[in-house]
Amino acid sequence: MVGIIPMASSIRPSLSTLRFAGASRLGLSLASFTPRRLACFHLASAVPQSQSFGLKASKLLRGDGKTIGVAAGGNAAQASTTATPENVLEWVKQDKRRLLHVVYRVGDLDRTIKFYTECLGMKLLRKRDIPEERYTNAFLGYGPEDSHFVIELTYNYGVDKYDIGTAFGHFGIAVDDVAKTVELVKAKGGKVTREPGPVKGGNTVIAFVEDPDGYKFELLERGPTPEPLCQVMLRVGDLDRSITFYEKAFGMELLRKRDNPEYKYTIAMLGYGPEDKNAVLELTYNYGVTEYDKGNAYAQIAVGTDDVYKTAEAIKLCGGKITREPGPLPGINTKITACLDPDGWKSVFVDNVDFLKELE
């Protein structure tokens, strides 16, 4: 087992086990590319909206253990229709946001679960099968979903292979001993693409391994952390444009930026808290490359927010494209909105209060 020290967890059932007519998850099932399903997402991709209408107090934990105050109200379905561009962008800076989970497709769910639990030390948090929609989901991670960034795997019946493309980079996992983890991966028949050693130009010991579907994982040697699943790396065509978008529209903080002229690339780390305590988004710009092939394997990241309506307004103001207008999912009250960034990477924002209700 990988030497990771995650926070204690208690696994709870998910509201996503509820069924509603015509509901599927955008970007997760092959059939979800049809117009009939564009309004339907997996509920774990949704986050609550906090509005000042007779609110009840609730809470959501960040990866560093700090409590995010959110509010649940009786009239939570109302939208923020009176917001101006100025106060919407200012509100984004104060919104209570956290990375919830990352979604992608795999060709053999049981095989992937076995690799993640036995080689990477993850726990299977929950699993559900939707036979009439012909897909199965599994959630894995290092702690409960109300306080940890987790992985959501999707298996579509009969599809055993996907194209990862050239745009997706890797996931990052913090471990206490990279060399031991690599030996375990090898012993289980896993593929090591970069042997343990210091990162170029630095002292951090890293290695790269691949899961059975070809998704790359960077292993980073760190001390105990509340968020072992610590990075998602995506490639972009204009780094400054992307940084501005994620700062303004997503309310992320630019944690650091490093240029590597010798290897002709620049990276930027963005997130909602320090890297040693929170999952972060790593954006990579390769000199002179403005477009990439995204394939059909990687799907999206889900982010929590207090207000999906204001979130959608801010995304539009910052040049993002809304692919699912904000509002409750059909048949239930979980409010979400979905968007594309300037490079076409998809994200789903979920109401924080609704997300907590889902986990309860």
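Mentor: The search uses a 1 Å grid over the protein atoms alone, and a pocket is an open set of points with protein on both sides within 12 Å along at least five of seven lines. Lining residues have an atom within 4 Å of a point. Grid points are joined across faces, edges and corners, and a volume is the space filled by probe spheres set on the points.

Trainee: How much space lies in the largest pocket?
Mentor: About 760 Å³. This is a predicted model, where local features need pLDDT of at least 70, side-chain atom pairs count only at pLDDT 80 or more, and totals for chains, interfaces and linings use all residues. Residues are numbered from 1 along each chain as its sequence is written, and side-chain values use heavy atoms, with hydrogens and water left out.

Trainee: Which residues lie nearest the centre of that pocket?
Mentor: Val199, Phe208, Glu218, Arg258 and Tyr265, out of 28 lining residues.

Trainee: And which strands supply at least two residues of the lining each?
Mentor: E7 (168-175), E9 (205-210), E10, E11 (229-235), E12 (253-260), E13 (265-271) and E14 (280-286). Strands here are DSSP runs (E, at least two residues), as are helices (H or I, at least four), numbered from the N terminus.

Trainee: What does UniProt list for Glu218?
Mentor: The unreviewed entry lists Glu218 under "active site". UniProt positions are given in the numbering used here, feature names are shortened, and annotations may be inferred rather than shown by experiment.

Trainee: Where is Glu218 found, and is it buried or exposed?
Mentor: Glu218 is in strand E10, residues 216-221. Glu218 is buried, because its relative accessibility is 9%. The cut-offs are under 20% relative accessible area for buried, over 50% for exposed and partly exposed in between, with a 1.4 Å probe and protein chains only.

Trainee: What does Glu218 touch?
Mentor: Leaving out residues up to four places away in sequence, its contacts include His170, Phe208, Gln231 and Glu282. Contact means heavy atoms within 4.5 Å.

Trainee: How does E10 pair with E9?
Mentor: Antiparallel, through 5 bridges. Two strands pair if DSSP finds at least two bridges between them. Ala207 stands opposite Leu219 in E10. The hairpin has 5 residues between the strands, and Gly214 there takes a positive phi near 95 degrees.

Trainee: What about E8 and E9?
Mentor: Antiparallel as well, with 5 bridges joining E8 (191-198) to E9. Lys191 stands opposite Glu210 in E9. This hairpin has 6 residues between its strands, and Gly201 in the turn has a positive phi of about 80 degrees.

Trainee: Why is E9 largely enclosed?
Mentor: Because 5 of the 6 residues of E9 are buried.

Trainee: New topic. Which strands form the open sheet of 8?
Mentor: The order is E4-E5-E6-E3-E15-E18-E17-E16, with mixed pairing. E4 (123-130) and E16 (321-328) stand at the edges with a single partner strand each, so one side of each has no neighbour in the sheet. The twist averages 20 degrees from one strand to the next.

Trainee: Which strands does helix H6 lie across?
Mentor: E3, E4, E15, E17 and E18, with H6 (352-359) running at about 80 degrees to E18. Axes are lines fitted to C-alpha atoms, for helices over the stretch in contact, and angles run from 0 to 180 degrees between N-to-C directions.

Trainee: Last one: how many helices and strands does the protein have?
Mentor: 6 helices and 18 strands. Of its 360 residues, 56% count as buried.

Conventions: On a 1 Å grid over the protein atoms alone, a cavity is a set of points where a 1.4 Å probe fits but cannot get out, and a pocket is an open set with protein on both sides within 12 Å along at least five of seven lines; lining residues have an atom within 4 Å of a point.
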